[in-house]
Amino acid sequence: MNTQLQTTVSNPQKKSYILHLATIFLGFIIFGISENIKGPALPRIQLDFRLDEMQIGTLLSLNALGYLIACSFTAILTRKIGIKWVSMLAFGSMAVSGIFIFLSHSYPMFTASYFLMYIGNGMLEIGLAILAARIFVRNTGTMMNLSHFFYGISSTVAPMLASGLMTVTVLGYTIDWRGMYLAMLMLSVLPMIPALMSKFPGDDHPESERTPLKQLIKDRALWLIVIILSFGVVSEMAVGGWLVNFLEKSYNWDPAAAAGMLSAFFLCFSAARLLLGPITDRIGFTLSIIILSGFTGICTFIAIFGGESYAFLFAAAGIGIAPIYPTVMALIAKRYPKESDTAITFTVTMMGIGSVIGNYAIGAITSGFKQLYGSGTELGLLRGLQAGYGFIGLCALICSLFGIVLYRYLKNRKQLV
């Protein structure tokens, strides 16, 4: 009798969890695709609409603008209509934007469609983070890292899929970039199916049980988390833009070899997210951040100042920095279980602002040191690149340093996660 009852209870729970996983994993795949199909499409978009570089820059700036706008209302919307319908809205708006992009034959309409896509994209990033924080109550670090592994894989594959799809001919019609955007963004319908069939926890928490943002931002730990995530993400994201440049100009590597090292970085990065999650669960999230970001910083500085023979450590640095973002999300989920939507939205919004400043700083430092040692000399170029890339390593070490501050703060209050 008891066995039958347990089976009856556990089967619906198991089915519900599978639907949750499908929504989150498919969601991260869609997120990676939507962010990374633009690379192969932009030259053709520029040609079709006869855009100059300023207009392309404006178009890409919609990414940041849409993201920040989505950050401003997603948490509030989650409280009003629930994370299930926010997820449906995010996926749905991306699918609809794909239709509008396909129908866009003027630059203003295309710009509006692109902006809608990034509104959906921003909502999706916040929504997936909130969803994962609510679902992954066990093995949180493992599951967060696994979720972001799916994002990494789809980000790697997306440019190749986009390039291939734009050359396909169906019934005498070449799909090109409009058809590619339509086909890829319509994939957003897939995660809507398990999301619609699911009931997600957390939406039933009464407003009275939630801590308001005004009170949350008084928590010193939350500000430490913001600092850790901001420096960690700068160190992570800057590699894609600066590693190839550094290797080509500092060591005279050919483009293929430099791109190969970047690919090796992302291989280490993806493997770390797949394999290191259980370790973060075992030793604790805060301690994991200290060790892993410190490892990245050390690898980066040895690679810069050790010479060309240590260049492989640029790739190895991906092992340490990869788990930082998902591990911080896991930490937030554990520390703020009922306020995860507000805490995540605030943290990620502040991180976005910090990332903009950090990436600007890399360029400014590179330029400054280049001028200091002679802008027209090989030494000036080398020192500028070393200083700029050194700031990327420094960001990882600062992330580790503030991890130590957070560790001591939480340990003194017996709140270690």
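Student: How many salt bridges does the structure hold?

Tutor: The predicted model holds six salt bridges, and one of them joins the side chains of Asp48 and Arg178, with an N to O distance of 3.4 Å.

Student: What does Arg79 form with Asp341?

Tutor: Arg79 and Asp341 form a salt bridge in which the closest N and O atoms are 3.9 Å apart. Because Arg79 sits in helix α3 (residues 53-81) and Asp341 in helix α16 (residues 340-373), the pair ties together parts that are 262 residues apart in sequence. Asp341 is buried, with a relative accessible area of 0%, and Arg79 is partly exposed at 26% relative accessibility.

Student: And which residues are linked in a network of salt bridges?

Tutor: Arg79 and Asp341 are linked with Arg134 in such a network.

Student: What about Asp219, and how far apart are the closest N and O atoms there?

Tutor: Asp219 forms a salt bridge with Arg335, and the closest N and O atoms of that pair are 3.2 Å apart. Asp219 lies in the loop between α9 (213-216) and α10 (220-250), and Arg335 lies in helix α15 (residues 324-335), so that the pair links distant parts of the chain, 116 residues apart. Both Asp219 and Arg335 are buried.

Student: Back to α16: what span should its 34 residues have?

Tutor: At 1.5 Å a residue, α16 should span 50 Å, and the 48 Å between its end C-alpha atoms agrees with that expectation. Just after α16 comes Gly374, which takes a positive phi of about 110°.

Student: New topic: how many cavities of 30 Å³ or more are there?

Tutor: The count comes to one cavity of 30 Å³ or more, and the largest cavity holds about 40 Å³ of space.

Student: Which residues line the largest cavity?

Tutor: The lining includes Ser235, Val239, Phe265, Thr296 and Tyr389, and it divides into six nonpolar residues, three polar and no charged. At least two lining residues come from each of α10, α13 (285-305), α14 (312-321) and α17 (378-412).

Terms used. Residues numbered from 1 in each chain as written. Predicted model: local features only at pLDDT ≥ 70, side-chain atom pairs only at ≥ 80, totals over all residues. Heavy atoms only, no water. Salt bridge = Lys/Arg side-chain N within 4 Å of Asp/Glu carboxyl O. Helix = DSSP H or I, 4+ residues; strand = E, 2+ residues; numbered from the N terminus. Buried < 20%, exposed > 50% of the residue type's maximum accessible area, 1.4 Å probe, protein only. Expected span 1.5 Å × (residues − 1). 1 Å grid on protein atoms, 1.4 Å probe; cavity = no way out; pocket = protein on both sides within 12 Å on 5 of 7 lines; lining within 4 Å. Points joined across faces, edges and corners; volume = space filled by probe spheres on them. Nonpolar A, V, L, I, M, F, W, Y, C, P; charged D, E, K, R; others polar.
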